[in-house]
Amino acid sequence: MAGVCVPWGGGACRLFSPIRRRFPVSSTVASLSLPDSSAMIVDDNLGAFLEILPKDLRHRLLNDSRRNQLVEVIMDLGRPPEARYLGEPGGQYLRNNEVSMEELEDAQELVGEFGADNRAGIEGTLHRISAIRNRKGFIVGLTCRVGRAVSGHIDMLYDLLHYGKSILFVGRPGVGKTTVLREIARVLSDEFQKRVVIIDTSNEIGGDGDIPHSAIGGSRRMQVPKPSLQHKVMIEAVENHMPQVIIVDEIGTEAEALACRSIAERGVMLIGTAHGEQLQNIIKNPTLSDLIGGIETVTLGDEEARARRSQKSILERKAPPTFYFLIEMRERDYWIAHQTEKSVDMLLRGRNPMVEVRRRDEEYKVVIERWKAYDGQGI
């Protein structure tokens, strides 16, 4: 494991050794070097995506110089179709003519059946098609999102994977959380030789169809009949298939948060994403706060309150966090990494925790900046 940078250590990169160190007083910067095999490779299978679109839109996008930055195509009944691109606010109309019901029906026929969550996919790809229905249940809008398998993005947290600790990702939609989960699954199964099971509720991680996409490597994939059953499939995976790692996307209910804790207590490494942009969102969310240990109100005695210089009623973390690390994905190439237990405790005491800023420089190399103060608004 030579050349792996130890997080929150004092100084620059060194041999991996999971020992405890104090945070340095001043910030430090380290550049993370990775194996040559970590070069960025993107596989989007755009041809299959374009096949479900009307012929004129297909031709327009095939000849678009920005097609590699295409994020999604919006088709709403009675409105011109719209394309949205990575890094650009708003969208761009692809033609003046409005989308017809016939075009929506043709697309629906090519895609196939939509699930209970109004999502569908294109078999053998990572593309996702989401439907908007009217009150009678007819589809009146489609969000056609391009799914890309990105190999090489793992270098943003490659060193953290050596710890074997659970990691939770938070970030706004479209920032790349699912893409990162897919790459983590491949690396843990193929390079780390772990038994990885993916709980794939909407087939976003492993793609549509019974045979998962090659982007997840040797990981196994369990599909979920209904989104409301995700927590049960998570427990089923642990009880029936002896995984060393469970990967789950979009943890959003109390039952799923409790399932995560149950899995972590059995010694299984968890990699997941949750709704929210920052750690504070999880702390304030009563449904998901158990992921970071839960929050409870504690009443202090008079002497203890004076010693702490605080009110008698304070908030404290209730239990050890389910996820050892929490990563805020502010942008695709700008992350803030927390050691969850320490960050939560300091935030509850009104202090700024020590975090790491992980970003790419102009040469696309990963740079790790260690900071002392974090206020939740950016660094």
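**Cavities, salt bridges and a helix**

In this predicted model, the largest cavity has a volume of about 50 Å³. A search of the whole structure finds 2 cavities of 30 Å³ or more. Lining the largest one are A120, G121, T125, L126, H127, R128, S202, N203, E204, G207 and D208. By class, this lining has 6 polar, 3 charged and 2 nonpolar residues.

Among the lining residues are R128 and E204, which form a salt bridge with their closest N and O atoms 2.8 Å apart. The pair links distant parts of the chain, 76 residues apart: R128 lies in strand β7 (residues 128-133), and E204 in the loop between β11 (196-200) and β12 (220-223). R128 counts as buried because its relative accessibility is 14%, under the 20% cut-off. E204 is also buried, with a relative accessible area of 14%. A network of salt bridges links R128 and E204 with R119 and E250.

The count of salt bridges comes to 23. One of them joins R84 to E72, with the closest N and O atoms 3.0 Å apart. Here R84 in strand β4 (residues 82-85) is linked to E72 in strand β3 (residues 70-76), 12 residues apart. R84 is partly exposed at 32% relative accessible area, whereas E72 is buried at 12%. In the salt bridge between E363 and K365, the closest N and O atoms are 4.0 Å apart. E363 is exposed, at 61%, and K365 is partly exposed, at 44%.

Helix α10 (residues 340-348) has T340, S343, V344, D345 and L347 as its buried residues. Their cover includes α8 (279-284) and the strands β15 (295-299), β16 (313-317), β17 (325-331), β18 (334-339) and β19 (355-360). Just after α10, G350 takes a positive phi of about 80 degrees.

Conventions
Residues are numbered from 1 along each chain as its sequence is written. This is a predicted model: local features need pLDDT of at least 70, side-chain atom pairs count only at pLDDT 80 or more; totals for chains, interfaces and linings use all residues. Side-chain values use heavy atoms; hydrogens and water are left out. On a 1 Å grid over the protein atoms alone, a cavity is a set of points where a 1.4 Å probe fits but cannot get out, and a pocket is an open set with protein on both sides within 12 Å along at least five of seven lines; lining residues have an atom within 4 Å of a point. Grid points are joined across faces, edges and corners, and a volume is the space filled by probe spheres set on the points. Ala, Val, Leu, Ile, Met, Phe, Trp, Tyr, Cys and Pro count as nonpolar, Asp, Glu, Lys and Arg as charged, and the others, Gly among them, as polar. Buried means under 20% relative accessible area, exposed over 50%, partly exposed in between (1.4 Å probe, protein chains only). Helices (H or I, at least four residues) and strands (E, at least two) are DSSP runs, numbered from the N terminus. Contact means heavy atoms within 4.5 Å. A salt bridge is a side-chain nitrogen of Lys or Arg within 4 Å of a carboxyl oxygen of Asp or Glu.
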